[in-house]
Amino acid sequence: MDRAPGLTPLALARAPIHPGGMELPPIVLAGRAVLRKPAAPIPPEEIGTKRLKHLVSTMVSVMRKAPGVGLAAPQIGVDQQVIVLEDSEELMSRLTPGQRAERGRVPFPLRVIVNPTLRVLAPPLPDAAATGRATFFEGCLSVPGYMALVERDLSVEVSGVDEDGKEVRWEASGWPARILQHEVDHLRGTLYVDRMITRSFCSNEEAKLLLSLSVAEARSTLGA
């Protein structure tokens with residue numbers, strides 16, 4: 001089975017997961033096949049249904065409980081193209097103003113995107129400094145306890161619909177763009193470990209010092 005036990009779409013539609021009901025489904029960990037194959041699009045006839053809305057509500061609850069800033073449906077064993085994203089002041093409270101600025105990390109409200117299409121936006125200035133890409137540490141709820149440096153595009157645009165079928169179009173840059181790329185990768189069967197600078201792979205415990213360094217200093221320290 002590609003899905004986690006008991007997590008078929010039908011089961012998700014019927015289970016009284018919240019509020020105050022049954023336990024939330026566990027996050028699927030690396031090694032499960034559902035994380036390694038392209039997810040299926042949500043059929044048009046399912047947009048706006050109770051089943052889809054329940055799936056979205058469950059995903060949001062799982063993401064917030066973790067806590068995380070994004071979650072894709074395959075991460076709870078459902079091989080369909082749905083992602084949820086949210087970042088808050090609370091989640092970035094440990095970052096200094098300088099670290100926030102360097103990462104381009106800003107809070108944004110809950111976003112639900114069904115059948116997302118992602119395209120890269122060109123950097124605003126075609127000079128040598130504006131490469132349009134940036135490298136930072138990333139982690140993943142499906143690869144707990146570790147992180148690594150990953151190069152991502154700085155600006156992207158995503159389009160799709162929400163759970164009610166309302167059109168979604170979002171131009172994002174900085175950290176929101178990184179989160180979007182990470183979650184859309186999940187829908188393609190790709191994990192950040194497929195894109196990471198391999199010598200930068202480290203435990204979260206050891207990464208505490210590295211996170212206080214610049215990316216260049218961290219790479220030098222790790223020989224990456």
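**Briefing: cavities, strands and ring contacts**

The second largest cavity is lined by C140, R152, H182, D185, H186, T190, L191 and Y192. This is a predicted model, where local features need pLDDT of at least 70, side-chain atom pairs count only at pLDDT 80 or more, and totals for chains, interfaces and linings use all residues. Residues are numbered from 1 along each chain as its sequence is written, and side-chain values use heavy atoms, with hydrogens and water left out.

**Cavities**

- The structure holds two cavities of 30 Å³ or more. A cavity is a set of points on a 1 Å grid over the protein atoms alone where a 1.4 Å probe fits but cannot get out; lining residues have an atom within 4 Å of a point.
- A volume is the space filled by probe spheres set on the points, which are joined across faces, edges and corners.
- The second largest cavity has a volume of about 30 Å³. Helix α4 gives the largest share of its lining, three residues.
- That lining divides into three nonpolar, three polar and two charged residues. Here Ala, Val, Leu, Ile, Met, Phe, Trp, Tyr, Cys and Pro count as nonpolar, Asp, Glu, Lys and Arg as charged, and the others, Gly among them, as polar.
- The largest cavity has a volume of about 50 Å³. Its lining consists of R103, A134, F136, R152, D153, L154, G174, W175 and R178.
- β4 (133-140), β5 and α4 each supply at least two residues of that lining. By class, the lining has four nonpolar, one polar and four charged residues.

**Strands**

- Helices (H or I, at least four residues) and strands (E, at least two) are DSSP runs, numbered from the N terminus. Two strands pair if DSSP finds at least two bridges between them.
- An open sheet of three strands has the order β4-β5-β8, with antiparallel pairing. β4 and β8 are at the edges with a single partner strand each, so one side of each has no neighbour in the sheet.
- Eight bridges join β4 to β5. G139 has M147 in β5 as its bridge partner.
- Strand β6 (residues 155-161) has six of its seven residues buried, so it is largely enclosed by the rest of the structure. Buried means under 20% relative accessible area, exposed over 50%, and partly exposed in between (1.4 Å probe, protein chains only).
- β6 runs antiparallel to β3 (residues 108-120), with five bridges. V120 stands opposite V156 in β6.
- Seven bridges join β6 to β7 (residues 167-173), also antiparallel. V161 stands opposite E167 in β7.
- β6 and β7 form a hairpin with five residues between them, and G165 in the turn has a positive phi of about 90°.

**Rings and charges**

- Rings of Phe, Tyr and Trp (its six-membered ring) pair if their centres lie within 6.5 Å; planes under 30 degrees apart count as stacked, over 60 as edge-to-face and the rest as tilted. The count comes to three aromatic pairs.
- Y146 and F201 are stacked, because their ring centres are 5.0 Å apart and their planes at 10°. The pair links distant parts of the chain, 55 residues apart: Y146 is in β5 (residues 143-153), F201 in the loop between α4 (175-187) and β8 (202-203).
- Y146 is partly exposed at 38% relative accessibility, and F201 is partly exposed at 35%.
- A charge sits over a ring if NZ of Lys or CZ of Arg is within 6 Å of the ring centre and within 35 degrees of the ring normal.
- R111 lies over the face of W170, 4.0 Å from the ring centre. R178 lies over the face of W175, at 5.4 Å.

Technical notes
1 Å grid on protein atoms, 1.4 Å probe; cavity = no way out; pocket = protein on both sides within 12 Å on 5 of 7 lines; lining within 4 Å.
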